[in-house]
Amino acid sequence: MVSSKKDGLKPKKDKKAKLSFKETKAEQALRVERILEALDREYGTDYRCYLEHETAYELLFSTIMSAQCTDERVNKVTRVLYKKYPDLKSFADADLEELKQDIYQTGFYNNKAKNIIACAKVLLEKYGGEVPSDIDELIKLPGVGRKTANVIRGNIYDIPSIVVDTHVKRISNKLGLVHSDDPVKIEFELMDILPKDHWILWNIDIITLGRSICTAQRPDCQNCFLRGLCPSAAL
């Protein structure tokens, strides 16, 4: 285990009880390198997507449905959904009220159903049924923000992208790599800190860490393989 002192971490609590510690850019770069090495050892470097899909538009719709919902529940819904609606046209022609019921279990089904139908229509009418790779085009699609766009870019088109979900936001802050609750700001801060070959992996690995060890309710710092590199674990 690497000690906090050795890694240049000087954690302390400020008056607002938020994480505060000092490190130079060189110390941060070394710590990031060690964090990535540890993640690679623990989880490997293979890309894996937790949302089941066979096509780009399926991943797009699944990611839209994953907002405020677990991937496990989305997968349960889509195993039936993508058989009932086997192509983009069937989604574009779907009855709104029926689709709402089909995706009811994912929550916020009113807006999600509207966006999926509208998105299917735009993809057919403007993009010939193909999901665009350009982020500026992706975020114009109904229900698509930077998070969803980066999921598509990273997993479908292998374009280095950082996906900021709840796990990435929470754990990147706990690691002291970012200091913000704004997903867009976090995305760009991580782009400056992480090497491009780990942009996609960061989301994949941090999701795994957040679900197994560094959970929101009860982080298991004592058994975390990043403990010696995480200033929050020293508090």
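Biologist: With which side chain does the side chain of His198 make a polar contact?

Modeller: A polar contact is a pair of N or O atoms within 3.5 Å; within protein, one must be able to donate a hydrogen and the other to accept it, and residues adjacent in sequence count only if both atoms are side-chain atoms. Here the partner of His198 is the side chain of Asp197, at 2.9 Å. This is a predicted model, in which local features need pLDDT of at least 70 and side-chain atom pairs count only at pLDDT 80 or more, while totals for chains, interfaces and linings use all residues. Residues are numbered from 1 along each chain as its sequence is written, and side-chain values use heavy atoms, with hydrogens and water left out.

Biologist: Where does His198 lie, and is His198 buried or exposed?

Modeller: Helices (H or I, at least four residues) and strands (E, at least two) are DSSP runs, numbered from the N terminus. His198 belongs to the loop that joins helix H10 (183-193) to helix H11 (199-212). Buried means under 20% relative accessible area, exposed over 50%, and partly exposed in between (1.4 Å probe, protein chains only). With a relative accessible area of 11%, His198 is buried. Leaving aside residues up to four places away in sequence, His198 touches Leu36 and Asp40; contact here means heavy atoms within 4.5 Å.

Biologist: Which residues of H10 are buried, and what does H10 have at its N-terminal end?

Modeller: Ile186, Glu187 and Leu190 are the buried residues of H10. They cover an arc of only 105° around the axis, so they sit on the same side of H10; the arc is that of the directions from the helix axis to the C-beta atoms. These buried residues pack against H8, H9 and H11. At the N-terminal end, Asp182 caps H10, with a side-chain oxygen 3.1 Å from the backbone nitrogen of Val184.

Biologist: What should I look for in phi?

Modeller: Most residues other than glycine have a negative phi. Phe108 has a positive phi of about 50° although it is not a glycine. Phe108 lies in the loop between helix H5 (96-102) and helix H6 (109-127), and counts as exposed at 58% relative accessibility. Asp158, also not a glycine, has a positive phi of about 55°. Its place is the loop between helix H8 (146-155) and helix H9 (166-174), where Asp158 is exposed at 52%. After H6 comes Gly128, with a positive phi near 60°.

Biologist: How many aromatic pairs does the structure hold?

Modeller: A pair of aromatic rings is described by the distance of the centres and the angle of the planes. Rings of Phe, Tyr and Trp (its six-membered ring) pair if their centres lie within 6.5 Å; planes under 30 degrees apart count as stacked, over 60 as edge-to-face and the rest as tilted. There are 7 aromatic pairs in the structure. For Tyr82 and Phe91, the centres are 6.1 Å apart and the planes at 70°, so this pair is edge-to-face. Tyr85 and Phe91 are stacked, at 4.9 Å centre to centre with 25° between the planes. Tyr82 is buried at 11%, Phe91 is buried at 0%, and Tyr85 is buried too.

Biologist: Which residues form one aromatic cluster?

Modeller: Tyr57, Phe61, Tyr82, Tyr85 and Phe91 do.
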